[in-house]
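Please describe the fold of the chain shown below, from its secondary structure to its overall dimensions.

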Amino acid sequence: MHDFLLAKEIVDEVLKIVEEKKLSKISKVGVEIGQIALAHDGHEEHIEDISIDNLMFGIEGIAKNTILKETKFDIKKVNGESWKLVEIEGE
Ligand SMILES: [Zn+2]
């Protein structure tokens, strides 16, 4: 579940930066993912392990309707309790 919520969060964040930097072509986005604590569907905040496969699937589904449809997402799991963008390659 967190995978799909996180997918939306990541795409939104990238789109925000793309707009701020006025980029028109984004070839690659690097993301580091730890365990993600979220509150959703009436549950209190809790941690779930993120499946990279589900996350990629979610991101591709959202990104295909945006400027990011050709973008390669490079997602790496790391220790920690958050996620961050480590790289945006574009022009
Ligand atoms: Zn959950």
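The report below takes up the secondary structure, the sheet and its helix, and then the chain as a whole.

This is a predicted model, in which local features need pLDDT of at least 70 and side-chain atom pairs count only at pLDDT 80 or more, while totals for chains, interfaces and linings use all residues. Residues are numbered from 1 along each chain as its sequence is written.

The chain contains 2 helices and 5 strands, arranged along the sequence as α-β-β-β-α-β-β; helices (H or I, at least four residues) and strands (E, at least two) are DSSP runs, numbered from the N terminus.

Three of these elements concern an open sheet of 3 strands, with order 4-1-5 and mixed pairing, where two strands pair if DSSP finds at least two bridges between them. Strand 4 and strand 5 are the edge strands, each pairing on one side only, and the twist averages 15 degrees from one strand to the next.

| Element | Residues |
|---|---|
| Strand 4 | 72-77 |
| Strand 5 | 83-90 |
| Strand 1 | 26-33 |
| Helix 1 | 2-20 |

Strand 1 and strand 4 run parallel and are joined by 6 bridges; Ile33 has Lys77 in strand 4 as its bridge partner. Helix 1 lies across strand 1 and strand 5, at about 45 degrees to strand 5, with axes being lines fitted to C-alpha atoms, for helices over the stretch in contact, and angles running from 0 to 180 degrees between N-to-C directions. Contact requires C-beta atoms, placed from the backbone, to lie within 7 Å.

Of the contacts between residues at least 6 apart in sequence, 81% join residues at least 24 apart. The C-alpha atoms fill a box of roughly 40 × 25 × 25 Å along the principal axes.

Terms used: Contact = placed C-beta atoms within 7 Å.
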